Amino acid sequence: MEAKGKIVWVSGPAVKADGMSSVKMYETVEVGSTKLIGEVIRLAGDIAFIQVYESTSGLRPGEPVRGTGQPLSVLLGPGVIGKIYDGIQRPLDEIAQKSGSFIGRGVATTPVDMKKKYKFSPAVKVGDEIVGGSVLGFVEETPLLTHSILAPPDHPRGKIIDAAKENTYEIGQVVATTENNGNRLELKMFHKWPVRKPRPYAERFDPSVPLITGQRIIDTYFPIAKGGTGAIPGGFGTGKTVTLHQIAKWADSKVVVYIGCGERGNEMTEVLVEFPHLIDPRSGRPLMERTVLVANTSNMPVAAREASIYTGVTIAEYYRDMGFDVVLVADSTSRWAEALREMSGRLEEMPAEEGYPSYLASRLAEFYERAGRVRALGSPERSGSVTIVGAVSPSGADFTEPVTTHTIRFIKTFWALDTRLAYSRHYPSINWMQSYSGYLEDVSKWWKQNVNAEWYGLRAESYNILQREDTLKEIVRLLGPEALPDEEKLVLEVARMIKIGILQQNSFDKVDTYCSPQKQLKQVRLMVQFYKNSQKALRDGVSLVDIRAMPIITSLLKAKFEVTDEEVSKLDTMEQEMNDQFSKLGQREEVKVLV
Amino acid sequence: MSETAAGIEYTKVAEIKGPLMIIDGITRASFDELVEIETPNKERRLGRVLEVGFGKAVVQVFEGTTGLAITGTKAKFLGKTMQLPVSQELLGRVFDGLGRPNDGLPVPVADKFLDVSGEPMNPERREYPTSFIQTGVSVIDGMLTLVRGQKLPIFSGSGMPHNILAAQIARQAAVVGTKEDFAVVFAAIGVQYSDAQYFKRSLEESGALRRSVLFLNLADDPAIERIITPRVALTVAEYLAFELGMHVLAILTDMTNYAEALREISAAREEVPGRKGYPGYLYTDLANNYERAGRVKGKNGSVTQVPILSMPADDITHPIPDLTGYITEGQIVLGRDLFRKGIYPPVNVLMSLSRLMKDGVGEGKTREDHMEVGNQLYDAYSRAQEVRALAEIVGKAGLTGVDLKYLDAGDMFEDHFLRQGNDENRTLEETLGRAWEVLSTLPEGELTKIKDKNLRQHYKGSK
Ligand SMILES: Nc1ncnc2c1ncn2[C@@H]1O[C@H](COP(=O)(O)OP(=O)(O)O)[C@@H](O)[C@H]1O
Ligand SMILES: [Mg+2]
């Protein structure tokens, strides 16, 4: 029986209702006569504490509250890709059709178009036995994505007693009927799943394949693996959003879930405007055909912001269960944490650090724990992954604040954005001394097999130059560069070249925005080669001034945007050219010595 | 809110604390409802319901609670949220911080009544901002481009010329190639009379007052009213933009006073504070104001916001500038050093940013080399600053030849590019010309952010 109660108290997004003894935790409820959507987040006697996903302006004590008997769930089936949803899976385009340019309240919507017809090809036949998670058939969701219709993960083992033929159907069509001990169950082309409950899987693997993002500092220096976790904390304007956009654009995953959580409306619009025109370099199709957006901007109701993270990750897990690699980016997890804090504050819970609730850490852990590379339930055998990357917005860019410090405990790749680098327009402003990747060893095998065995060594050699520069910088700050011997000045010079030529990458340059693994490797090799050549030249008596004046340097620095991925062999020519210039320098020295 | 028993008067004031009044024995009141309060000596004030339970409501009183008493104070729940009458007649008028006429003229005839809190713009219906606004200020046009529909605040400090700069922008702002003038919505939030007056005069002299609407909450006006001032101003801005199709420039000064009013209410409610005593929802609350900027698909107008805030103790990590920077599309930061050096506008470019510049400039919009030039100027000035710091320690003798060039470029940047008159209106061509003159003092090989093709066309220096 569904609970029926009455509002007794309203304060912003928090509402208390009495007469709610039969309601369950996390059940969704309809609040007030306008039937605003809410969720039960605490129970005490017959009082339910409810967070309301829409503006509560005008709500008053005495208005009715009704339980729905259902936990907050998402609808999973064809039609989700390409959509932009709010935090509780309401399509923003449908809301716009019903309430105009500004988001109204109490707008009833359906997550996907129930009338759209898809061509269904069955994967099971009468007599087959299936379990939860089994593939029942396929539809072309977008030209980029063949969608597997799955039995819900909690579906009991059963025999197919009826199966739909190959044909076009609406997604409400029953495509299979199973029987178990006389119980018959009908399976449609979609099912629902509660967002706060991780979708189960058969087995978990260690991540070992890198997620290639085309961003040099990520792929080469601080890689993230498919199924891994990463965080990108940084003060405002340091490049969190741009980096997440870059990952969403260029990562070699099958599906991208982009959660805009408490951030700008225009940034979501930017994705909506850009992605349909951007072409996936691997498939040649528009990126929107693999992207789902969940948008709860900073001015949208704060409770729905809390839910948006779960809505997004449940969608990601669903595509993972089809056997796809999925990337989920969340911008920004700090705003989600603030939503938690706000609800917790309204409920007068005992705060921990900076007013955040004491369960902040466990909520963060649960979220990142939903990343992973897994074998899916049911047949046929398939494995997929969810990679999670979260932006963190520390107040005052101070990494010791609670959201940052807790997040660090649960992620393996850390891209630390640095305000000073941003001020000097070094983008992406990822600090190479503070950042780290826990997947380095795991992914080196992939590089060896797919790009070049030199990767690991070249990465280490070039990184070593950066590390030395970092120590020398201190001396320079105190004594000036002239105090250093030439060999050390050379380190500074090459470090500068690596910073400009490799670490800095302009997202808004047509060429530089994406750099293939092959090009990355060759660029790094050029720099290391340049360093070695210069060391030798110095030993042979060539002056540093002459080395600094070599014309090849500008070419090395501009190769990132002057040489496209297709012309990557030009970098080999450049290497030849560099070697020639060095041998000429050497010859001049010999001449001098003779004279 | 159809069912409220509007009009019932309540007299059971249970408690008055700070800006809040707690009323008992209420049968019907709703969250966010507008309340009219009558003091014992028949003065009327406005308030708003912050929290409501059975029989009890917490009301925030905009004009403050001074003079209210437990007995003799009456409260009337008006059965609606706070709404503002709007119409074209608002143009050229001056109002107080709650939107009531302040210029001796009658209340304008309303075309509509709009809820001052507004509703969130649907991101799916936003039009992405891309039209370059020429402000005539080199540092903004060249490196921190403003586009129509952007929200770009000025972070300032006490005594610095943020008002002069904002007024200059308001006078000079133009979208190149169009004849459409900006309408200006100006909200003074707890600023001094002379500051508000300066603005008004500046709009008057340029003839822009006719297309302006002013909302004034001055330093000696009630502090809690400041919660509403930006909201009424932005409600009018949205109306002019999206109902009347105008391009609106909204200037809100000083948002620090706004945040302080918010803190006062939060403290009175005994809420668990976030940083520095500001409420945990400060971010969301600020965002509800700042996000009211932009463009809407299928509509002509736009709201461009230039909020101004003073950084307490010039500290950019203070919660107010910090959270603002997280929400707005960049920031123009004024620097104390440059100000002391007598440079106007004293924009600390390295700390400043326009996130939408990339979308408003380039081939077909301004000039092909615009973005690259801007990036290279940043790079050069940042190097120059490093070299300056180094020269302080090791002296010029310890510097290499290239470093010395950067020193010169830095000086030239400040004197030739950044510095300009507060009524000097430079064209974009002139701004970019000056930029190239600065860059041409550096060896060509240093200009690593510029494509060879653009270098060949514009670089005037030597190798
Ligand atoms: N990789 C990049 N290439 C070019 N510009 C960048 C890059 N990363 C950041 N930026 C610049 O920095 C600005 C702020 O970046 P953004 O990602 O919006 O910051 P955050 O999300 O951390 O506040 C952008 O508008 C852009 O101008
Ligand atoms: Mg961001």
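In this predicted model, the C-alpha centres of domain 1 and domain 3 of chain A lie 64 Å apart. These two belong to a division of chain A into domain 1 (4-71), domain 2 (203-393 + 401-418) and domain 3 (455-594).

The shell around ligand 1 comprises 16 residues, of which Gly237(A), Lys240(A), Thr241(A), Val242(A) and Arg355(B) come nearest. Because residues from chains A and B surround ligand 1, the site is shared between chains. In terms of secondary structure, helix α3 of chain A (residues 240-250) supplies the largest share of the shell, namely three residues. Sorted by class, the shell holds six nonpolar, eight polar and two charged residues.

Several polar atoms of the protein approach oxygen atoms of the ligand. On the side of chain A, a polar backbone atom of Val242(A) is placed 2.7 Å from an oxygen atom of ligand 1, while a polar side-chain atom of Tyr427(A) is found 3.2 Å from an oxygen atom of ligand 1. From chain B, Arg355(B) contributes a polar side-chain atom that lies 2.7 Å from an oxygen atom of ligand 1. Ligand 1 taken alone exposes 560 Å², and 93% of that area is buried by the protein.

Definitions and conventions:
Residues numbered from 1 in each chain as written. Chains lettered and ligands numbered in written order. Predicted model: local features only at pLDDT ≥ 70, side-chain atom pairs only at ≥ 80, totals over all residues. Heavy atoms only, no water. Near = heavy atom within 4 Å. Polar contact = N/O pair within 3.5 Å; in protein donor to acceptor, adjacent residues only side chain to side chain. Areas by Shrake-Rupley, 256 points an atom, 1.4 Å probe, with all protein chains shown as cover. Helix = DSSP H or I, 4+ residues; strand = E, 2+ residues; numbered from the N terminus. Nonpolar A, V, L, I, M, F, W, Y, C, P; charged D, E, K, R; others polar. Domains from an automatic or database assignment.
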